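Visitor: I have a structure to go through with you. Could we start at the surface and work from there?
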Amino acid sequence: LGKPLPPWPDDIAPSMAQYERFLLAFEPTFEQTEETVYHRAQRYAGTLDAILTLSDGKRLLIDYKTGKAVYPEVALQLAAYRYAEYMRLPDNTDAPVPPVDGAAVLHLLPDSWQLIDVRADAEVFTAFLYCRETFRFMEETSKTVIGAALLPTNTLLPQEAA
């Protein structure tokens, strides 16, 4: 976004050196970084890492990962960001989330990096919505579904009635 890269603490310097290698290889133009996105109707929000355009013109939604592997669940996260309605801009205004050509993970390790394509399409977004509802059930609705024991209205037990 036109700002110089800061100095890095020693513990992340190797991974950040890999980040610089990515910058040199793909020459991206950053459009958004660390933006809060949300969808009012679907009741979710999150913070995307970046929207950028590569030197070949492809606009991508990017998530940075530094763990040992990239897991399939990242597709749910990226689809949620991609299909969010709005983003909160630095000037505290809202704007529609811009369309992207796709999504990817920039996997940064101390000694290597990879830009990995991730499918974050409408089908994956639907799966995200199901997961979100399952989470909502577990966190909210599940606390209201089990009621008190039901007591018989007849005060005589069946053996005593005979």
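Predicted model: local features only at pLDDT ≥ 70, side-chain atom pairs only at ≥ 80, totals over all residues.

Visitor: Where does Arg43 lie?
Guide: Arg43 belongs to the loop between β1 and β2.

Visitor: And what is the phi of Arg43?
Guide: Phi of Arg43 is near 60°, a positive value in a residue other than glycine. Most residues other than glycine have a negative phi.

Visitor: What about Glu27, what is its phi?
Guide: Glu27 also has a positive phi, near 45°. Glu27 sits in the loop between α1 (13-26) and β1.

Visitor: Is Glu27 buried or exposed?
Guide: Glu27 counts as exposed, because its relative accessibility is 53% and the cut-off for exposed is over 50%.

Visitor: Let us turn to the sheet. What is the strand order?
Guide: The seven strands form an open sheet in the order β5-β4-β1-β2-β3-β6-β7, and the pairing is mixed. The edges are taken by β5 (94-96) and β7 (112-118); each has a single partner strand, so one side of each is left without a neighbour in the sheet. From one strand to the next, the twist averages 40°.

Visitor: Which helix packs on that sheet?
Guide: Helix α2 (residues 74-82) does, touching β1 (29-39), β2, β3, β6 (102-109) and β7. The direction of α2 makes about 135° with that of β3.

Visitor: How many bridges join β2 to β3?
Guide: Four bridges join β2 (residues 44-53) to β3 (residues 59-65), and the two strands run antiparallel. Within this pair, Ile51 stands opposite Leu61 in β3. As background, strands of a sheet pair through backbone hydrogen bonds, either parallel or antiparallel.

Visitor: Now Gln18. Buried or exposed?
Guide: Gln18 counts as buried, because its relative accessibility is 7% and buried means under 20%. Gln18 is placed in helix α1.

Visitor: Which residues is Gln18 in contact with, leaving aside its neighbours within four places in sequence?
Guide: Gln18 is then in contact with Leu108, Leu109, Pro110, Asp111, Ser112 and Trp113.

Visitor: How many salt bridges does a search of the whole structure find?
Guide: The search finds seven. One of the salt bridges pairs the side chains of Asp94 and Arg88, at 2.5 Å from N to O. Asp94 is partly exposed at 34% relative accessibility, and Arg88 is partly exposed at 33%.

Visitor: Which residues are linked in a network of salt bridges?
Guide: Arg119, Asp121 and Glu123 are linked in this way. The closest N and O atoms are 2.9 Å apart between Asp121 and Arg119, and 3.0 Å apart between Glu123 and Arg119.

Visitor: How exposed is Glu123?
Guide: Glu123 counts as exposed, at 55% relative accessibility. Arg119 is partly exposed, with a relative accessible area of 48%, and Asp121 is partly exposed with 25%.

Visitor: One last topic. Which residues make the nonpolar surface patch?
Guide: Phe137, Met138, Val145 and Ile146 make the patch, which covers about 420 Å². Ile146 lies in the loop between α3 (122-139) and α4 (158-161), and Ile146 is exposed, with a relative accessible area of 74%.

Methods:
Residues numbered from 1 in each chain as written. Heavy atoms only, no water. Pairing = 2+ DSSP bridges. Axes fitted to C-alpha atoms, helices over the stretch in contact; angles between N-to-C directions. Contact = heavy atoms within 4.5 Å. Buried < 20%, exposed > 50% of the residue type's maximum accessible area, 1.4 Å probe, protein only. Patch = residues over 30% accessible without salt bridge, like charges linked within 9 Å, V, L, I, M, F, W, Y side chains within 5 Å. Areas by Shrake-Rupley, 256 points an atom, 1.4 Å probe, with all protein chains shown as cover. Salt bridge = Lys/Arg side-chain N within 4 Å of Asp/Glu carboxyl O.
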